[in-house]
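Please find below a colleague's note on the structure, written for a reader who is new to such models. The sequence and the model should be kept in view while the points are read.

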Amino acid sequence: MKTYKVKVQYEAKDDSEIFREIVVAEGQNLEQVHKSIVKSFDFDGDEMASFYKADENWEKGQEFSLEDMGEDGEDIVPMKKAKVEEVLATPGDRLVYIYDFIKMSTFLIELEEVGKKAEGKKYPLVVNSVGEIPEDTDDEGLDEDEEDDVFAGDPDLAESYYTKVGKGSSGKGSKGDDDEEEDFFDDFQDGFDDDDYGSKSDYDDYF
């Protein structure tokens, strides 16, 4: 029986070498590979994930999802229905793997070699482990105030929001005014539609 040795490279922001080499047995499916990746990188395993066929430029194609999307996902194949040898047949064949569609942890997978199954070995088998994914990578480069700012890193969205609530075309306007509660109600009257969001009296009653 054949085995397939793949390199699973984490796409780090600083180009650090963080990868696992995993040997998968013929007949095993992508869901088993997914579970091996989750375990080897010490993820909690509670997030959604997908594999994608990739070309030589790592452009994504056919998707293999963790969940069966049913009729709504006719072009998406469940991982458990995709055998390794069907998607990674020849050395150099590639996949992109994304874990957690909020953080978008991305991995580049390439088939390194095809071998033979060894007696007494349990597959998938991690045969090499280099580096660890740093914690809280999504907060890198943010100061303390920016970590609590929902608009951090997206000034266009911030400008759109503050203009909508009546701050004018100058952008954020007077964030940090002394009387924030009064400003809130002024913004409410100027910028919101009662039919969509309720009336000022609704908020008076709440507070």
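The numbered points below go from the model as a whole to single residues.

1. The mean pLDDT of the protein is 78, and 63% of the residues reach 70 or more. These values should be kept in mind when the later points are read against the structure.

2. Which stretches call for caution? Over residues 137-144 the pLDDT is below 50, and the model shows ten contacts for this stretch beyond near neighbours in sequence. Residues 160-175 also have a pLDDT under 50 throughout, with 23 contacts beyond four places in sequence. Where pLDDT is low, predicted coordinates should not be read in detail.

3. Overall make-up. The protein has 207 residues, of which 34% count as buried. Its secondary structure consists of seven helices and eight strands. The accessible surface amounts to about 13,400 Å², and carbon and sulfur atoms hold 42% of that surface. Among contacts with a separation of 6 or more, 55% are between residues 24 or more positions apart.

4. The side chains of E21 and K5 form a salt bridge, with an N to O distance of 4.0 Å. E21 belongs to strand β2 (residues 19-25) and K5 to strand β1 (residues 2-10), so the bridge ties together parts that are 16 residues apart in sequence. Is E21 buried or exposed? Its relative accessibility is 11%, and E21 therefore counts as buried, the cut-off being under 20%. Leaving aside neighbours within four places in sequence, E21 is in contact with K5, V6, K7, E112, L125, V126, V127 and N128.

5. The pair R20 and E132. A salt bridge joins the side chains of R20 and E132, at 3.3 Å from N to O. R20 is in strand β2, while E132 is in the loop between β8 (125-130) and α3 (144-147). The two residues are 112 residues apart, and the pair links distant parts of the chain. R20 has a relative accessible area of 1% and is buried, whereas E132, at 54% relative accessibility, counts as exposed.

6. The pair E110 and R94. In the salt bridge between E110 and R94, the closest N and O atoms are 3.7 Å apart. E110 lies in strand β7 (residues 105-116) and R94 in strand β6 (residues 94-99), so parts that are 16 residues apart in sequence are tied together by this pair. E110 counts as partly exposed at 28% relative accessibility, while R94 counts as buried at 17%.

7. Helix α1 and its ends. Helix α1 covers residues 30-40, and its buried residues are L30, V33, H34, S36, I37, V38 and S40. Which residue caps the N-terminal end of α1? N29 does, with a side-chain oxygen 3.0 Å from the backbone nitrogen of E31. Just after α1, D42 takes a positive phi of about 60°.

8. The surroundings of S65. S65 is found in strand β4 (residues 60-65). With a relative accessible area of 3%, S65 is buried. A polar atom of the S65 side chain lies 2.5 Å from the backbone oxygen of E67. Not counting residues up to four places away in sequence, S65 touches A49, S50, I76, V77, P78 and M79.

9. A nonpolar patch on the surface. Which residues form a nonpolar patch on the surface? They are M48, F101 and M104, which together have about 260 Å² of accessible area. F101 is placed in the loop between β6 and β7. At 35% relative accessibility, F101 counts as partly exposed.

Terms used. Residues numbered from 1 in each chain as written. Predicted model: local features only at pLDDT ≥ 70, side-chain atom pairs only at ≥ 80, totals over all residues. Heavy atoms only, no water. pLDDT = per-residue confidence, 0-100. Contact = heavy atoms within 4.5 Å. Helix = DSSP H or I, 4+ residues; strand = E, 2+ residues; numbered from the N terminus. Buried < 20%, exposed > 50% of the residue type's maximum accessible area, 1.4 Å probe, protein only. Polar contact = N/O pair within 3.5 Å; in protein donor to acceptor, adjacent residues only side chain to side chain. Patch = residues over 30% accessible without salt bridge, like charges linked within 9 Å, V, L, I, M, F, W, Y side chains within 5 Å. Areas by Shrake-Rupley, 256 points an atom, 1.4 Å probe, with all protein chains shown as cover.
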